[in-house]
There are 2 protein chains.
Amino acid sequence: MFSKSTEYALRATIYIARQSSIHKKVSIQEIAEGIGAPKHFTAKILQQLSNKNAQIVSSISGPSGGFYITEEASKKPIYIVVEAMGENTVIESCVLGLPNCNDATPCSMHKSYKGIKKELLGMFKNRTINEVANSKDCLTPVYFNRNK
Amino acid sequence: MFSKSTEYALRATIYIARQSSIHKKVSIQEIAEGIGAPKHFTAKILQQLSNKNAQIVSSISGPSGGFYITEEASKKPIYIVVEAMGENTVIESCVLGLPNCNDATPCSMHKSYKGIKKELLGMFKNRTINEVANSKDCLTPVYFNRNK
DNA sequence: ATTATTAAAGATAATTTTGTCCTTAATTTT
DNA sequence: AAAATTAAGGACAAAATTATCTTTAATAAT
Ligand code: FES
Ligand code: FES
């Protein structure tokens, strides 16, 4: 559904929200291993998630530095992660790839897709980062690095 | 959601199902223009859709040749198009990109996604090519080449 | 048979995505 | 102040996707 980048971004955000706080930061190394993603690629993605526009995760350089997420940010919907990666279109656009997916210019899948699209959007817009990260639905410790 | 290839494949299949019959075939040229896709790239995709494994669309070379779809094929679900392009995983796999999206090994999005996934799959597995192509929901003639 | 038309097939190129590496800057510890 | 640790940033490389071009094969019309 999403690109690798966005998948890693979601996993990294959830990982950070689970493992860290302002007092206990996590390193790129740890995050990359925890989510099963290449280290340097993960670093790039974390930059996107922490830059001025996104401000989803926070970071501090130097020893005992690393990444963490503020209470404030963790209350935001996971949608912002997808948005920061520029992939919100994946959820919002036409199944057939036509421009303007809306009731005024429907494609022949639109009527079937409309409801699903709404639910998909809802899933990302209504659930907060914190809620997803600490959901009781799955708390296996080795969660993100299941063997592929 | 899908790759360009799969989007083109879906549009092309729907286009052919609308415009053609065994008596009135359509050329690559016409299809490509009709769906707003690059001609030679469309040709490649049509090859995939017509090869021995897929057999979704049929073709005949030579003058007055072109593509068409059999009654039999048009009764199959549009899912087979997505499958022929090797992108059924898009619908079937984990939102976070983890392996084995199922109730036994859920990720923290799984519970929310489960129902949506089922509907998405249903949309592709329950609707036939013919049904989608000739749906009353959208019969605008210039449908596939809306200006982008 | 020859010519024209159309898809099939293969080679190549451009672009985007994914992944790696190396240097710099920031910050803490010693 | 110096050394160590960590993220930031930029350059580069590999792989995958998308797109184009050229030649070949099939078929029909002349
Ligand atoms: S216009 Fe195609 S899904 Fe909405
Ligand atoms: S396991 Fe992640 S959506 Fe099913």
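The side chains of B:Lys111 and A:Asp137 form a salt bridge with an N to O distance of 3.8 Å, a salt bridge being a side-chain nitrogen of Lys or Arg within 4 Å of a carboxyl oxygen of Asp or Glu. Between chain A and chain B the count is two salt bridges. There are also six residue pairs in polar contact between chain A and chain B, both residues at pLDDT 80 or more. A polar contact is a pair of N or O atoms within 3.5 Å; within protein, one must be able to donate a hydrogen and the other to accept it, and residues adjacent in sequence count only if both atoms are side-chain atoms. Helix 1 (4–19) and helix 7 (110–126) of chain A are the elements that give two or more residues to the side of chain A that touches chain B, and helix 7 of chain A supplies the largest share, eight residues. Helices (H or I, at least four residues) and strands (E, at least two) are DSSP runs numbered from the N terminus. By class, this side of chain A has 22 nonpolar, seven polar and nine charged residues; Ala, Val, Leu, Ile, Met, Phe, Trp, Tyr, Cys and Pro count as nonpolar, Asp, Glu, Lys and Arg as charged, and the others, Gly among them, as polar.

The model is predicted: local features need pLDDT of at least 70, side-chain atom pairs count only at pLDDT 80 or more, and totals for chains, interfaces and linings use all residues. Residues are numbered from 1 along each chain as its sequence is written, chains are lettered from A and ligands numbered from 1 in the order in which they are written, and side-chain values use heavy atoms, with hydrogens and water left out.

The contact (heavy atoms within 4.5 Å) takes 38 residues from chain A and 38 residues from chain B. About 3,600 Å² is buried between the two chains, with carbon and sulfur atoms giving 63%; buried area is the accessible area (1.4 Å probe) that two parts lose on being put together, summed over both.

A rotation of 180° with 0.0 Å of shift along its axis superposes chain A on chain B, with an RMSD of 0.0 Å. The two copies are therefore related as by a two-fold rotation axis. The superposition is by least squares on the C-alpha atoms of residues with pLDDT of at least 70 in both copies. The same surface serves both copies, since 100% of the contact residues of chain A recur in chain B. Of the residues of chain A, A:Met1 comes closest to the axis, its C-alpha at 2.7 Å.

The DNA strands come next. Around DNA strand D there are 24 residues, of which A:Ser27, A:Lys44, A:Ser59, B:Ser5 and B:Pro63 come nearest; a residue is near a strand if one of its heavy atoms lies within 4 Å of it.

An N or O atom in the side chain of B:Lys44 is 2.6 Å from a base nitrogen of DNA strand C, and a backbone N or O atom of B:Ile28 lies 3.0 Å from a phosphate oxygen of DNA strand C.
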